[in-house]
Amino acid sequence: MLVLSRQRDETIMIGDEVEITIVDIRGDKVRLGITAPRAIQVHRKEVYEAIRRENADAARVQVEDLRDMDRQLQDNHRRRPGETNGAHRRSVNP
């Protein structure tokens, strides 16, 4: 880990595109301003870790879940247009 000392309004550059500015220092809190291209995601670490956990959970799809989804799609495909869950839609014009 690189450790740098900076004062308020001083900046750190990461590569050519990411700029971190010390906006404010109050007690044990430091406020940072981050300028980065939109393609680079910037998150607080706790948010980043939560996103990673959610993505990992979403990636753990069970084979049975896929089979259930396939059955539901096939059932929906077999139904006639306008028919939902076995119920027939009433015609507006008799």
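Is Asp 75 buried, partly exposed or exposed? In this predicted model, Asp 75 is partly exposed, with a relative accessible area of 37%, a value that falls between the limits of 20% and 50% that separate buried from exposed residues. The chain that holds this residue has two helices and three strands, and read from the N terminus its elements follow the order β-β-β-α-α. Of its 94 residues, 6% count as buried.

**The sheet**

- The three strands make up an open sheet in which the order is β1-β2-β3 and the pairing is antiparallel.
- Because β1 (11-14) and β3 (29-35) stand at the edges and each has a single partner strand, one side of each is left without a neighbour in the sheet.
- On average, and with direction ignored, neighbouring strands of this sheet are turned by 25 degrees against each other.
- Four bridges connect β1 with strand β2 (residues 18-26) in the antiparallel sense; among the facing positions, Ile 12 stands opposite Ile 20 in β2, while Ile 14 has Val 18 of β2 as its bridge partner.
- The strands β1 and β2 also form a hairpin with three residues between them, and in this turn Gly 15 has a positive phi of about 65 degrees.

**Two residues of β2**

- Asp 24 belongs to strand β2 and is buried, since its relative accessible area is 12%, and buried means a value under 20%.
- The side chain of Asp 24 is joined to that of Arg 26 by a polar contact of 2.8 Å.
- Ile 25 is likewise found in strand β2, but this residue is partly exposed, with a relative accessible area of 42%.

**A nonpolar patch on the surface**

- Ile 25 is one of the residues of a nonpolar patch on the surface, which also takes in Val 30, Leu 32, Ile 34, Ile 40 and Val 42.
- Together these residues have about 490 Å² of accessible area, and the largest share of the patch, three residues, comes from β3.

**Salt bridges**

- Side chains of opposite charge can pair when their charged atoms come close.
- A search of the whole structure finds eight salt bridges, and the following points describe several of the residues that take part.
- Glu 10 and Arg 6 meet through their side chains in a salt bridge of 3.4 Å, taken from N to O; Glu 10 counts as partly exposed at 28% relative accessibility, and Arg 6 counts as partly exposed at 36%.
- Arg 60 and Asp 57 form a salt bridge with an N to O distance of 2.8 Å; here Arg 60 counts as exposed at 55% relative accessibility, whereas Asp 57 counts as partly exposed at 42%.
- Asp 75, the residue of the opening question, forms a salt bridge with Arg 78, and the closest N and O atoms of the pair are 3.0 Å apart.
- Both Arg 78 and Asp 75 lie in helix α2 (residues 63-78), where they are three residues apart, about one turn of the helix.
- Within this pair, Arg 78 is exposed, with a relative accessible area of 59%, while Asp 75 is partly exposed at 37%.
- A network of salt bridges links Glu 64, Arg 67, Asp 68 and Arg 71.

Note on methods. Residues numbered from 1 in each chain as written. Predicted model: local features only at pLDDT ≥ 70, side-chain atom pairs only at ≥ 80, totals over all residues. Heavy atoms only, no water. Pairing = 2+ DSSP bridges. Axes fitted to C-alpha atoms, helices over the stretch in contact; angles between N-to-C directions. Patch = residues over 30% accessible without salt bridge, like charges linked within 9 Å, V, L, I, M, F, W, Y side chains within 5 Å. Areas by Shrake-Rupley, 256 points an atom, 1.4 Å probe, with all protein chains shown as cover. Salt bridge = Lys/Arg side-chain N within 4 Å of Asp/Glu carboxyl O. Buried < 20%, exposed > 50% of the residue type's maximum accessible area, 1.4 Å probe, protein only. Polar contact = N/O pair within 3.5 Å; in protein donor to acceptor, adjacent residues only side chain to side chain.
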